[in-house]
Amino acid sequence: MRLSRLSPVPALPVRSLRPALIAGGMLALVAGWSPVQAAPAVDDAGAKALAASLKKDLPRWFPPPSEDGEGVGFEWQGEPTVKPAGDHYDVALPRLSAEDAEGTLFDIGTVLLSVTPKDDGQYGVAITLPSAIKVQNLDDNDEYVDAATISIGKQSFTSTWSGALETLLAVDAAYNDIAVSAADGKGKISVASMTMVQDLKPEAGTGGATLWSGPAAFAFGGLSVQDEKKKELVKIGGVTAEATYTRVDLTKVSALQKLSEQTAAKGVAPTSAELLPKLQGMFGGISGAMRLSNLSFVNPEDGTQVSLGQLAFRSGLTDLDQAMSTVSMGMEARDFSMTPSPAPAAFTPRAFEMKLSVAKLPNSALWKAFTELAKAAEAEETQPKKGAKAKAAPPPPSSEMVMQQAMAAMGEAGTELRIDALNLDTPATAGTATGAVKVATQAAFGVTGGATVLLRGIDAAVKAMQPAPGAKPDKETQDLLGGLAMVQAMGQAGKDDTGADVRSYKFEVTEAGQLLLNGADMTPLLAGGGEPAPAPAEQPKKKK
């Protein structure tokens with residue numbers, strides 16, 4: 001029978017059904033029952049209080065389906081049971097099922113908790129998920145039919161929860177032999193292992209605030225996707241996601257969560273005046289990285305094979321609680337191959353690296369600009385309809401004025417967009433680039449600066465691709481030679497430290513609005529005009 005569409009309950013953002021996030025939501029249930037004082041004794045009275053809190057808060061944290069059918073809706077069958085067991089409580093939550101907007105039903109079953117009161121309003125919480133979760137889809141008759149089974153082998157989830165901060169401080173979790181198997185046996189997704197860790201530690205902050213810093217990581221290994229004939233289509237050796245939090249104000253995080261609950265209960269979004277003060281100064285920095293290794297993929301339709309040794313993404317925000325901050329991002333890939341190859345093998349990238357950053361960002365000025373833009377957008381959305389009377393209020397500054405003020409502040413701070421590294425390597429050629437542009441409000445384009453690109457191997461590649469005397473190259477080779485010849489002509493020939501041929505390209509943006517390549521003005525060419533202006537001749541030095 002399909003889940004009934006009950007009266008809507010204001011909900012927090014929809015949670016995924018992944019075991020980690022289900023576990024995180026379960027921990028939050030303890031917060032409504034957790035006192036800030038020293039840990040109470042484990043007894044019948046505490047068990048009764050915890051059971052009552054769970055019964056009240058389960059629909060809040062895991063809301064039933066909404067009337068519009070959007071998102072994921074949860075349904076609890078029965079009531080939670082809580083029993084004292086020495087130094088902890090054994091908890092069995094009511095049987096749980098969930099349905100998404102497409103009509104897929106997850107029969108999760110009974111989730112077990114072990115809750116151990118600790119000092120300082122903290123709790124040790126261990127969570128055990130059902131070893132098998134049934135997945136069903138709606139058929140043409142609007143009836144549920146078995147689609148798949150999610151099975152979990154060995155599992156362990158232990159954590160430390162702060163009742164005062166309503167935050168998960170530490171996690172140590174491991175799941176093994178996870179599989180999603182089609183009900184008819186045709187198709188399977190398996191994961192050999194999945195782990196989660198987090199460890200936040202307090203450090204002294206200003207004004208008596210307690211800030212928290214520490215690492216968190218999520219990883220899985222041995223992913224395999226098989227089709228109905230048990231042929232492996234996708235294989236991934238491992239994926240790791242890491243993050244490091246710096247000086248996080250968990251008091252503000254908790255206040256933001258409560259604001260979300262309060263506004264959701266009213267069916268409205270929080271105003272900028274309510275939201276922005278809680279966001280400002282929430283954390284000093286955060287950095288993250290995701291790495292994927294040993295990917296292989298086969299397209300069952302045409303047999304195309306793709307493999308990738310490693311793919312990594314990095315990003316970071318640092319010193320947001322200081323005068324100046326830095327934003328950075330990066331990407332790295334290596335050992336790529338594709339059969340059949342879409343490009344000549346000699347020019348197929350085998351390694352790529354990119355690192356970009358924006359440094360010397362004036363935090364105070366940019367936060368002010370962000371606040372003004374948010375208020376202006378909010379005022380525009382809430383302006384009275386035509387003909388309606390409105391209270392006189394000073395109009396917010398225009399977005400153009402706010403952006404001008406922000407650019408002026410970045411100009412004073414010397415904000416820079418930097419190419420910290422840009423490297424591309426193929427069997428035939430290799431290229432690198434570095435450089436930076438600085439915000440300059442007096443400049444024609446608002447920035448000045450440039451970058452230097454070095455290309456190696458182009459001269460040798462062009463020479464090697466030349467057809468034999470009397471032979472005519474095919475169209476693909478001819479087009480590639482034409483493109484390489486143009487790139488070759490635009491560069492400045494030279495030698496690197498090893499004596500190998502290198503072509504250099506120095507790009508510059510001048511204060512007057514010129515775009516220079518190796519000293520030649522490219523502005524007329526880019527504007528659709530004639531040839532670029534020649535580079536200025538070097539003036540002889542005057543004798544003293």
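## Conventions and overall composition

Two strands are said to pair if DSSP finds at least two bridges between them. Helices (H or I, at least four residues) and strands (E, at least two) are DSSP runs, numbered from the N terminus. The model is predicted, so that local features need pLDDT of at least 70 and side-chain atom pairs count only at pLDDT 80 or more, whereas totals for chains, interfaces and linings use all residues. Residues are numbered from 1 along each chain as its sequence is written, and side-chain values use heavy atoms, with hydrogens and water left out.

The protein chain contains 9 helices and 26 strands. Of its 544 residues, 34% are buried, where buried means under 20% relative accessible area, exposed over 50%, and partly exposed in between (1.4 Å probe, protein chains only). Contact denotes heavy atoms within 4.5 Å; among contacts in the protein chain with a separation of 6 or more, 59% are between residues 24 or more positions apart. The accessible surface of the protein chain is about 30,700 Å², and carbon and sulfur atoms account for 57% of this surface. Accessible areas come from the Shrake-Rupley method with a 1.4 Å probe, and for residues only the protein chains shown count as cover.

## The sheet around β14

Strand β14 (210–226) pairs with β15 (232–249) in the antiparallel sense over 14 bridges.

Strands β2 (residues 81–85) and β3 (residues 88–92) are antiparallel and share 5 bridges, with A85 opposite H88. Their hairpin has 2 residues between the strands, and G86 adopts a positive phi near 70°. Strand β3 is in turn joined by 4 antiparallel bridges to strand β6 (residues 112–117), where L113 stands opposite V91.

## Nonpolar cores

A nonpolar core is a set of buried Ala, Val, Leu, Ile, Met, Phe, Trp, Tyr and Cys residues joined through side-chain atoms within 4.5 Å. The largest such core has 49 residues, and V82, V91, L93 and Y175 have the most contacts inside it. Helix α2 (residues 44–61) supplies the largest share of this core, 6 residues. A second, separate core of 10 residues includes V462, M465, Y505 and M522. In soluble globular proteins, nonpolar side chains tend to be buried together.

## Helix α3

Helix α3 (residues 250–266) consists of 17 residues and reaches 25 Å from its first C-alpha to its last, close to the 24 Å expected at 1.5 Å a residue. The expected span is 1.5 Å times one less than the number of residues in the helix. At the N-terminal end, D249 caps α3, with a side-chain oxygen 3.1 Å from the backbone nitrogen of T251. The helix is followed by G267, whose phi is positive, near 75°.

The buried residues of α3 are L250, S254, L259, E261, T263 and A264. Their cover includes α2, β11 (167–182), β14, β15 and α4 (272–279).

## Selected buried residues

Residue T426 lies in the loop between β20 (416–425) and β21 (430–439). T426 counts as buried because its relative accessibility is 5%. A polar atom of the T426 side chain is 3.3 Å from the backbone oxygen of A346. Residues up to four places away in sequence not being counted, T426 touches A346, F347, T348, P349 and R350.

Residue E416 is in strand β20 and is buried, with a relative accessible area of 16%. The side chains of E416 and R418 are joined by a polar contact of 2.8 Å. A polar contact is a pair of N or O atoms within 3.5 Å; within protein, one must be able to donate a hydrogen and the other to accept it, and residues adjacent in sequence count only if both atoms are side-chain atoms. Leaving aside neighbours within four places in sequence, E416 is in contact with S357, V358, A359, V437 and K438.

Residue A98, in strand β4 (residues 95–99), is buried at 0% relative accessibility. A98 and I108 are 10 residues apart in sequence and 7.4 Å apart in space, C-alpha to C-alpha.
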